[in-house]
Amino acid sequence: MAFDLGGGKKRGLSPSMNVTPLVDVVLVLLIIFMVVTPLLTKQMWMTVPAKSDKTEEQPPPPPDALPPVVLTVDQAGVLRINREEVARDQVVARLQRMLNARPDKIVFFDAGDDVPYGAAMEVLDLARGGNLTVGVLPDKLAD
């Protein structure tokens, strides 16, 4: 540490820091990072399978396969089970009857893009209130 004996009105010692060791440390760190940085970039090569063409035919479902049970709601609030309109008070009973005859016991739920969130949740809660297993469809159904 050095002291400045400046010639101001106040005659006293004022400390000033020697920055030479600080500059030396910073330069050493800069050199280290310049050397290490190119070594940190790792390249990984991977082979992924090619996308299957849409023209490739899917195997047909087995002849005894049952179509899924889909509960849908549109913007007007109309409820449909497999494209057939059903009154709101009859939905749970009808779904329970349909699922009793099926081995999978799953109802898929779908709401239109323009359906308000609250209305869709009311219908979903209605189906769940009947102790049904409900799966939500993430994408639009192919008509």
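Student: How many helices and strands make up the secondary structure?
Tutor: Three helices and seven strands. Keep in mind that this is a predicted model. Along the sequence, the pattern reads β-β-α-β-β-β-α-β-α-β.

Student: What share of the residues is buried?
Tutor: Buried residues make up 18% of the 143 residues. The accessible surface comes to about 12100 Å². Carbon and sulfur atoms account for 61% of that surface.

Student: What share of the contacts joins residues at least 24 apart?
Tutor: The share is 56%, counted among contacts between residues at least 6 apart in sequence.

Student: Take Val35. Why is Val35 called exposed?
Tutor: Exposed means over 50% relative accessible area. Val35 has 53%, so Val35 counts as exposed. Val35 is found in helix α1, residues 20-40.

Student: Which residues make the nonpolar surface patch?
Tutor: Val25, Val28, Leu29, Ile31, Ile32, Phe33, Val35, Val36 and Leu40. The patch covers about 840 Å².

Student: Now helix α3. How does its span compare with the span expected at 1.5 Å a residue?
Tutor: Helix α3 has 13 residues, 117-129. From first C-alpha to last, α3 reaches 18 Å, close to the 18 Å expected.

Student: Which residues of α3 are buried?
Tutor: Ala120, Val123, Leu124 and Ala127. They cover an arc of only 100° around the axis, which puts them on the same side of α3.

Student: What is exposed on the other side of α3?
Tutor: Glu122 and Gly129.

Student: What covers the buried residues of α3?
Tutor: The cover includes four strands: β3 (69-73), β4 (79-81), β6 (106-111) and β7 (133-136).

Student: Next, the charged pairs. How many salt bridges are there?
Tutor: The count comes to four.

Student: What makes Arg80 and Asp74 a salt bridge?
Tutor: The rule asks for a side-chain nitrogen of Lys or Arg within 4 Å of a carboxyl oxygen of Asp or Glu. For Arg80 and Asp74, N to O is 3.1 Å. That is within 4 Å, so the pair qualifies.

Student: Why are Arg80 and Asp74 called partly exposed?
Tutor: Partly exposed lies between the two cut-offs, under 20% for buried and over 50% for exposed. Arg80 has a relative accessible area of 24%. Asp74 has 24% as well. Both values fall in between, so both residues are partly exposed.

Student: Which residues are linked in a network of salt bridges?
Tutor: Asp74, Arg80 and Glu85.

Student: How do you know that Glu84 and Arg94 form a salt bridge?
Tutor: Their closest N and O atoms are 2.9 Å apart. The cut-off is 4 Å, so the pair counts. Glu84 lies in strand β5 (residues 84-86) and Arg94 in helix α2 (residues 91-100), so the pair ties together parts that are ten residues apart in sequence.

Student: Are Glu84 and Arg94 buried, exposed or partly exposed?
Tutor: Glu84 is partly exposed at 42%. Arg94 is partly exposed at 23%.

Student: Why is Thr72 called buried?
Tutor: Thr72 has 18% relative accessibility. Buried means under 20%, so Thr72 counts as buried. Thr72 lies in strand β3. Leaving aside neighbours within four places in sequence, Thr72 is in contact with Val78, Leu79, Arg80 and Asp110.

Student: Last one. Where is Asn82, and what does Asn82 touch?
Tutor: Asn82 is found in the loop between β4 and β5. Not counting residues up to four places away, Asn82 touches Pro68, Val69, Val70 and Met98. Asn82 and Val69 are 13 residues apart in sequence and 6.1 Å apart in space, C-alpha to C-alpha. At 36% relative accessibility, Asn82 counts as partly exposed.

Notes
Residues are numbered from 1 along each chain as its sequence is written. This is a predicted model: local features need pLDDT of at least 70, side-chain atom pairs count only at pLDDT 80 or more; totals for chains, interfaces and linings use all residues. Side-chain values use heavy atoms; hydrogens and water are left out. Patches are made of residues with over 30% relative accessible area and no salt bridge: like charges are joined within 9 Å, nonpolar side chains (Val, Leu, Ile, Met, Phe, Trp, Tyr) within 5 Å. Accessible areas come from the Shrake-Rupley method with a 1.4 Å probe; for residues, only the protein chains shown count as cover. Helices (H or I, at least four residues) and strands (E, at least two) are DSSP runs, numbered from the N terminus. Buried means under 20% relative accessible area, exposed over 50%, partly exposed in between (1.4 Å probe, protein chains only). Contact means heavy atoms within 4.5 Å. The expected span of a helix is 1.5 Å times one less than its number of residues. The arc is that of the directions from the helix axis to the C-beta atoms.
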